[in-house]
Amino acid sequence: MPRIIMHADLDAFYAAVEQREHPEWMGKPVVVGADPKQGKGRGVCMTASYEARKFGIRSAMPISKAYKLCPTAIFTPPNFPLYTAASDAVMNILRSYSDKFEQVSIDEAFIDVSSKFSGRKKDEIESFAAAIKNEIGEKEKLSCSIGVASNKLVAKIASDFKKPDGLTIVELGKEKEFLSPLPVRKLIGVGEKTEIVLKEMGVITIGELALLPQELMLKEFGKSGLYLHEAANGIDDSEVEENYEIKSINRNTTFEEDTKDESLIFAAIDEMLEDAHNALTANNFCCRTVGVRVRFEDFETHTKEKTLNEATADIGTIKSVAKKLLQPFFSDNRKIRQVGIRLAHLEEVDKKQKMVSEYFH
Ligand code: TTP
Ligand code: MG
């Protein structure tokens with residue numbers, strides 16, 4: 001079955017967070033990075049708002065050069081805790097729309113949403129992606145660009161196609177046509193060196209690269225030549241998979257009004273656990289630790305966790321552990337403002353099964 005994959009990438013991420021935190025910077029050139037010290041500072045730009053990009057300022061550019069291009073820009077040092085928190089919130093939104101989720105960097109992720117559609121109607125896909133963009137805009141006040149395609153390779157290039165605030169859908173069967181006019185550099189794996197070699201071979205666009213015979217690519221670039229050949233032809237079978245680096249799955253719910261209503265609180269916990277459990281099983285994981293987090297009306301926050309003897313992916317077990325952990329909080333007089341859950345010590349189910357079968361054979 002052909003898949004529907006989306007790639008979302010936040011626009012001018014660090015700079016956009018800074019503009020959100022300093023509304024007076026909205027609409028102005030903002031550069032996040034080193035202190036330019038009147039053009040004599042060292043270090044580089046991490047990113048620049050789109051207003052600053054109009055002056056030619058780019059990521060990785062020396063800050064002294066950025067200062068020369070636009071001395072009146074707002075130069076600000078990075079505030080990583082702020083970016084991490086914004087990233088986590090956005091990733092949770094993206095995850096909530098997906099069957100499978102894979103975070104690629106602080107501001108981009110792939111989601112596999114194949115099961116959300118019965119066909120591949122463009123307007124349905126468009127409104128689904130628009131809903132994601134809307135939620136990120138409403139809740140996090142950030143804008144992103146989304147690319148949609150039948151594979152990760154094309155979806156990623158599509159998200160970069162119309163930035164900022166873009167939405168590009170590449171229809172099934174049109175992958176090659178979409179890639180064809182773009183420069184080879186857009187393909188992951190084509191760096192400066194490969195670009196130069198290809199140029200010497202007379203190849204500038206992905207379409208031209210696609211025409212080179214497989215044998216020639218193998219001869220020129222070895223194994224990666226075969227990858228490049230497939231990529232240029234819009235072929236990529238790699239799955240969207242939860243990053244193996246992830247250590248835990250966390251979810252939080254803030255109530256509209258602070259509450260002591262046990263059924264309301266348990267319902268929120270159940271919903272978050274089911275959502276986290278979906279993420280867990282979609283990626284073939286089980287967990288050993290189940291945790292809950294309670295924030296009272298005065299913002300005092302408590303966490304409780306239980307580590308099980310054996311990893312589990314059983315939703316019943318996970319729910320009953322969480323409920324037991326939560327129970328003592330109800331004897332407190334204060335109302336609850338926010339509850340959260342955490343599944344941690346994640347293990348890959350396959351790995352565990354493999355170990356077991358190796359042990360028995
Ligand atoms: P990008 O997604 O590459 O860039 P961006 O989000 O700023 O702009 P856009 O996607 O709209 O083109 O990178 C995400 C963040 O990573 C960026 O905001 C800052 C950081 N970053 C660096 O610190 N150094 C770099 O060289 C790059 C490219 C990014
Ligand atoms: Mg980005």
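In the predicted model, an N or O atom in the side chain of Arg 53 is 2.8 Å from an oxygen atom of ligand 1, a polar contact being a pair of N or O atoms within 3.5 Å. The protein covers 70% of the 550 Å² of accessible area that ligand 1 has on its own, with areas taken from the Shrake-Rupley method with a 1.4 Å probe. Backbone atoms also take part: an N or O atom of the Phe 13 backbone lies 3.0 Å from an oxygen atom of ligand 1, and for a backbone N or O atom of Tyr 14 the distance to an oxygen atom of ligand 1 is 3.0 Å.

Residues are numbered from 1 along each chain as its sequence is written, while chains are lettered from A and ligands numbered from 1 in the order in which they are written. As the model is predicted, local features need pLDDT of at least 70 and side-chain atom pairs count only at pLDDT 80 or more, whereas totals for chains, interfaces and linings use all residues; side-chain values use heavy atoms, with hydrogens and water left out.

Around ligand 1 there are 13 residues, of which Ala 12, Thr 47, Tyr 50, Arg 53 and Asp 107 come nearest; a residue is counted if one of its heavy atoms lies within 4 Å. This shell comprises six nonpolar, two polar and five charged residues. Here Ala, Val, Leu, Ile, Met, Phe, Trp, Tyr, Cys and Pro count as nonpolar, Asp, Glu, Lys and Arg as charged, and the others, Gly among them, as polar. At least two shell residues are supplied by each of strand 1 (5-10), helix 1 (13-21), strand 3 (45-48) and helix 2 (50-53). These elements are DSSP runs numbered from the N terminus, with helices (H or I) of at least four residues and strands (E) of at least two.

Two backbone features lie in loops. The peptide bond from Lys 163 to Pro 164 is cis, with omega near -5°, and Pro 164 is found in the loop between helix 6 (152-159) and strand 8 (167-169). Gln 38, although not a glycine, has a positive phi of about 50°; Gln 38 belongs to the loop between strand 2 (30-33) and strand 3.

Technical notes:
A polar contact is a pair of N or O atoms within 3.5 Å; within protein, one must be able to donate a hydrogen and the other to accept it, and residues adjacent in sequence count only if both atoms are side-chain atoms.
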